[in-house]
Each structure stands twice: as C-alpha cells, then as structure tokens.
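Visitor: Please take me through this model feature by feature, giving the general idea behind each term before turning to the case at hand.

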Amino acid sequence: MSKLLIENDGAVRTLRLNRPESLNALDNELLTSLGRAVADADKDKTVRCLVITGAGRGFSSGQDLADVAARYKSSEPIELGAHLRERYNPLIMRIRTIEKPVIAAVNGVAAGAGCSLALACDLRVATESATFIEAFINVGLVPDSGSTFMLPRLIGVARAVDMACTGRKISAAEALQIGLVNQVVPDDQLAAAVKKLADKLAGLPPRAIGLTKRAINAAWTADLESQLDYEAMLQTTAGQTRDHREGVTAFLEKRPPQFTGE
Ligand code: LHQ
C-alpha cells in the first residue's frame, strides 16, 4: 500500500498521508512522495485546488522518530540540519509557492513537523477532535519546517511562544479561537466541509488565486510602499487575463461567470 494516496475529484486533488499506524509519521519515502505530488499538482492544469489530509485518526505526528532511531544509538554527533534542508524545507517551500490554494484537512493530531505541514497550507479545516502540538520542545528541538515563521504570523508572537516553548496540546476549539484554523467541523463532516470549500476555490479564477497567494507571501516580509507597488504589478498581470474580462462582463450581464484559467 502506498504511503501517499492521491485522489482526484473534478479539479480538486487530495493527497492523503497513509501511515495510520504511526499517525502518519513522516519518513523519507513519504516526504519524497509528498514533495513530488505537490510538484506534479503544480504542473497539472486540471488541478485547481490541493487538499492534504491524513488516513486514520491522525493528520501527522511529524518526523518518524523510528526512521531516525539509528542515529540515537550511535555516539556520533547528531546532525539534523541536513535532513531538514534536504527533505522538509523544499516541501514547505513548494506548498507556499504553488500557485493554487492548498487546504489542510486536519483530521486528528498534528504534531511537530506534522503541525508545521498544516501551518504551511493556505487554509486549515479541522475536526472537533483534532489537536495541534508544537512537539519539538518535548524532544529537545526548536520548531522547524516553517513553524517559527508561520506561527507568529498566524496567531501572534505571545501565543506562538506559548505553543513552541510549552509544547502543550491545543484543541481544535482553541485553534479556532486564536486563528490557527479557519474552520472546525464535527468529525464526520470533514470530507463534506473540505469538498465544499475546495470546490468553491477550484471554481474561482486560478490565475488571480495564484497571484493573490504570491502577494500575501510577499507581504510577510515587505514594507507598505514596496507591497503597494507589487500589488500594482500583479494587478497588471491579473487585469490582462481572460478571466478578469469574463468576471466583469458576467457581472454587467447579470450572469454567473465561467472562469477558464486563461
Ligand atoms: C510515532 C510517532 C512519530 C514514529 C506516534 N514517529 N512513530 C525533524 C528532523 C529530524 C528529526 C527530528 O524531528 C524533526 C521534526 C519533528 O517533527 S520533531 C517532533 C516529532 N514528533 C513527535 O515528537 C511526536 C511524537 N508523538 C507523540 O507525542 C504522540 O504519539 C502524539 C501526541 C502525536 C499522539 O499521541 P497518542 O494519540 O497517545 O498516540 P500514540 O502515542 O499511542 O501513537 C500511536 C502510534 O503512533 C504509536 O505506535 P504503537 O506501535 O505504540 O501503536 C506511536 O509510537 C506511533 N507514533 N508518533 N513521530
């Protein structure tokens, strides 16, 4: 059985981490497959929205600690930076830069790099029983895979420090309250809620969505003046799409727009 299941439903592609016995711990094979699958979705014009979720009762428990166990049995110094640079960082960059919306459908615990993975997505829909744990501190590590970048931006510095330094478990209800997730739904309604959101996003003009994501990414590190200029530049591009023309024409003709991605 593949460690990553790829499912297509119209223009929505779902990537399902499939190691339920370890709550979808991330081993090298799964990380490689996930990176490839995001790159493939980027190239595939029929995909307009990507969903990342987990099989079984977990979203992802982060780095597979069994997969790296050998290092801890040896007296050699442990070097984790190379592992992050090679496996995690390119994946996180791919998710942030793919010009399509990426939804994390958080079906259970998201811990360590599994939490970072959820944070790297554009939107998070969680079940009522989902939890978020910046588990790194519990094993003597700093948050990685983008958590130190995403967390303070999503929930503010004080809350980010709380999560990162205590490693405490955040419930879905608290995650919603602090802005860590966009939506919380009953456990048995996750698939339906995610489908509704993903179909909505997939029906919107893809180029404008991609450029919006680019603008919001840039805003995190920009000053106002350069961001205003960047918006104007992106708007020049968006303004020249057929979808923009279609959106305005449809509005004036009082009919629903048909966006084609051109
Ligand atoms: C696991 C894991 C797991 C393997 C549960 N690995 N099997 C980057 C670079 C390189 C190295 C280090 O790390 C990093 C970044 C990171 O991600 S560091 C953080 C790594 N993750 C963790 O420390 C989380 C460890 N897991 C837990 O704390 C708990 O399992 C959580 C809170 C996620 C869930 O607790 P429970 O719901 O009580 O489930 P459980 O603990 O009983 O786990 C179920 C099974 O999954 C169990 O296996 P078993 O054979 O006993 O049923 C666990 O051993 C296995 N599992 N996480 N990361």
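**Contacts and cores**

Guide: Leaving aside neighbours within four places in sequence, Phe-132 is in contact (heavy atoms within 4.5 Å) with Val-106, Ala-110, Cys-115, Ala-126, Met-163, Arg-168, Lys-169, Ile-170, Ala-175, Leu-180 and Val-181. This is a predicted model, in which local features need pLDDT of at least 70 and side-chain atom pairs count only at pLDDT 80 or more, while totals for chains, interfaces and linings use all residues. Residues are numbered from 1 along each chain as its sequence is written, and side-chain values use heavy atoms, with hydrogens and water left out.

Visitor: How many residues has the largest nonpolar core, and which of them have the most contacts inside it?

Guide: In soluble globular proteins, nonpolar side chains tend to be buried together. A nonpolar core is here a set of buried Ala, Val, Leu, Ile, Met, Phe, Trp, Tyr and Cys residues joined through side-chain atoms within 4.5 Å, where buried means under 20% relative accessible area, exposed over 50% and partly exposed in between, with a 1.4 Å probe and protein chains only. The largest one has 44 residues, and those with the most contacts inside it are Ile-95, Val-106, Phe-132 and Leu-180. Several elements each supply at least two residues of this core, among them strand 2 (12–17), helix 1, strand 3 (49–54), helix 3, strand 5 (102–106) and helix 4 (113–120); helices (H or I, at least four residues) and strands (E, at least two) are DSSP runs, numbered from the N terminus. Apart from this core lies another, of 14 residues, which include Val-12, Val-51, Ala-105 and Val-185.

Visitor: Is helix 4 mostly covered or mostly open?

Guide: Helix 4 is mostly covered, since eight of its eight residues are buried; Cys-115, Leu-117 and Leu-119 are among them.

Visitor: Where is Ile-170 found, and which residues does Ile-170 touch?

Guide: Ile-170 is found in strand 9 (residues 169–171) and, at 0% relative accessibility, counts as buried. Not counting residues up to four places away in sequence, Ile-170 touches Ala-130, Thr-131, Phe-132, Met-163 and Ala-175. The C-alpha atoms of Ile-170 and Ile-133 are separated by 6.3 Å, although these residues are 37 apart along the chain.

**Loops and phi**

Visitor: Which value of phi does Asn-24 have, and is Asn-24 buried or exposed?

Guide: Phi of Asn-24 is near 60 degrees, a positive value in a residue other than glycine. Asn-24 lies in the loop between strand 2 and helix 1 and is buried because its relative accessibility is 0%. Ser-145 also has a positive phi, of about 55 degrees, although it is not a glycine; Ser-145 sits in the loop between strand 8 and helix 5 and is buried, with a relative accessible area of 5%. The loop between strand 8 (131–133) and helix 5 is also the place of Asn-138, whose C-alpha atom is separated by 9.2 Å from that of Arg-168, 30 residues apart along the chain.

**Domains and pockets**

Visitor: How is the chain divided?

Guide: Domain bounds come from an automatic or database domain assignment, and here they give domain 1 (4–202) and domain 2 (206–252). The domain centres, taken over C-alpha atoms, are separated by 27 Å, and 13 residues of domain 1 are in contact with 10 residues of domain 2.

Visitor: What volume has the second largest pocket, and why does this pocket lie between the domains?

Guide: On a 1 Å grid over the protein atoms alone, a pocket is an open set of points where a 1.4 Å probe fits, with protein on both sides within 12 Å along at least five of seven lines, and lining residues have an atom within 4 Å of a point. Grid points are joined across faces, edges and corners, and a volume is the space filled by probe spheres set on the points. The second largest pocket has a volume of about 360 Å³. Of the 15 residues that line this pocket, Lys-45, Lys-100, Pro-206, Arg-207 and Gly-261 are the closest to its centre. The second largest pocket lies between domain 1 and domain 2 because both give residues to its lining, to which helix 9 gives the most, with three residues.
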